[in-house]
Amino acid sequence: MPVKQHAMDSSDKQRSHLKADCANCFGLCCAALPFAVSADFAVDKQAGQPCTHLQTDFRCGVHAQLRQLGFRGCTVYDCFGAGQHLSQVTYGGQDWRQTPDRAQEMFDAFPIMRHLHELLWYLSEALTLKPASGMREALSEALDKTERLTRLSPGELLALDAGAHRAEVNLLLLRTSELVREDALRRYPAASKRRKTYSRGADLIGAKLQGADLRGANLRGAYLIAANLRGADLRGADLIGADLRDAELHGADLTESLFLTQAQLNSAKGDASVKLPPILSRPAHWSSR
C-alpha cells in the first residue's frame, strides 16, 4: 500500500477556519475588489464600489443566479476565510457601513489579509506531508509567523510588506514540493518514464492530456486553461498557482495533488467522477454525472 501523503483528519481541522464564511463577513469581496466586463463578469466595477447586488445584510441578492447572469467570477472566488477574520477579528464586528470613515481602510486591508490566509492554507497542508517531515520546524515557524501577521492592527497590516513574506514562505513551499514529488516518483517509477517534464508557468492552454500520468509533475503556475485532463492522474503533482479555468477534470484523480485550492476547482469543469481531497468540496455547478 502506498504511504498516505496527507494526514487527512488533522489537515481538515487546521484548515477549516480557512474556508469562507460569508455569513460572518461584511461583503468585503463584493465591495473592495474591482472587476471588468468579461466572460467572468457582466459589468464593470471599481475597487471600493459596492456591487449593486449587495444587500443591506451583506448578502448577494442574486446568489442563486450568478452564473446565469454573467457573474461566473463570483462563483469562482475564494477568500480563504480572510473576509470573516477581517470583519470579526481585525475590526471587531464593525462594518464599513457603520464606520464609513474607515471603509477605504477595510477595503485596502482585505487583499492583504487574503494573501496571508492563502499562505496559511498552503503551510497547513505542507505540515501534513510526510515526505517533508524534516521541514516541520521551519514550516511550523512560518505558519506561526503568518498567523501573528493576521492579528496585526489595520495600520500595521497596511504597512506590511506581504510580498517579501510570501517570498520567504515560497522557498519553504518549493522545497516541500520537491521532496513530495521526488517521493511520488519513487513510489510510482512508471511516472518518471512516461511523464513529460514541465517548467514553472508552462503553457498548456488547451493541451490534450486526457489520461496522462502526471504523478509527481511540476505544474506550478501552469496555464491549463481549457486543457483536457479527463482521467489524468495528478497524485503528487504540484498545482500551486496553476490556472485551471475551464479545464476538463472529469475522471481525474486529484486526491494527493499538492496545494490545490477550492478556487481552482471552482474555475474548472468536472462531475461526480473527479476524485478530490476530503478538505475540498465538489463545486455546485459541476455535473452530477
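Which backbone oxygen does the side chain of Gln 264 reach at 2.9 Å? In this predicted model, the side chain of Gln 264 reaches the backbone oxygen of Ala 242 at that distance, and the backbone nitrogen of Thr 261 is likewise reached by the Gln 264 side chain at 2.9 Å.

Gln 264 belongs to helix α10, which covers residues 262-267. Its relative accessible area is 8%, and because buried means under 20%, Gln 264 counts as a buried residue.

A second residue to look at is Thr 150, which is found in helix α6, a helix made of residues 136-150. With a relative accessibility of 5%, Thr 150 counts as buried, and a polar atom of its side chain lies 2.6 Å from the backbone oxygen of Glu 147. Beyond residues up to four places away in sequence, Thr 150 touches His 85, Thr 90, Met 113, Leu 116, His 117 and Leu 120.

| Side chain | Backbone atom | Distance |
|---|---|---|
| Gln 264 | nitrogen of Thr 261 | 2.9 Å |
| Thr 150 | oxygen of Glu 147 | 2.6 Å |

Among the residues touched by Thr 150 are Met 113, Leu 116, His 117 and Leu 120, and helix α5, to which we turn now, runs through residues 103-126. This helix has 24 residues and reaches 35 Å from its first C-alpha to its last, which is close to the 34 Å expected at 1.5 Å a residue. Even so, α5 has a kink of about 25 degrees at Phe 110, shortly before the proline Pro 111. The helix is also mostly covered, since 19 of its 24 residues are buried.

Is Arg 181 buried or exposed? Arg 181 is buried, with a relative accessible area of 14%. Leaving aside neighbours within four places in sequence, Arg 181 is in contact with Gly 216, Ala 217, Asn 218, Gly 236, Asp 238 and Leu 258. Arg 181 and Ala 64, by contrast, are 40 Å apart in space, C-alpha to C-alpha, and 117 residues apart in sequence.

How values were computed
Residues are numbered from 1 along each chain as its sequence is written. This is a predicted model: local features need pLDDT of at least 70, side-chain atom pairs count only at pLDDT 80 or more; totals for chains, interfaces and linings use all residues. Side-chain values use heavy atoms; hydrogens and water are left out. Helices (H or I, at least four residues) and strands (E, at least two) are DSSP runs, numbered from the N terminus. Buried means under 20% relative accessible area, exposed over 50%, partly exposed in between (1.4 Å probe, protein chains only). A polar contact is a pair of N or O atoms within 3.5 Å; within protein, one must be able to donate a hydrogen and the other to accept it, and residues adjacent in sequence count only if both atoms are side-chain atoms. Contact means heavy atoms within 4.5 Å. The expected span of a helix is 1.5 Å times one less than its number of residues. The bend at a residue is the angle between axes fitted to the seven residues ending there and the seven starting there.
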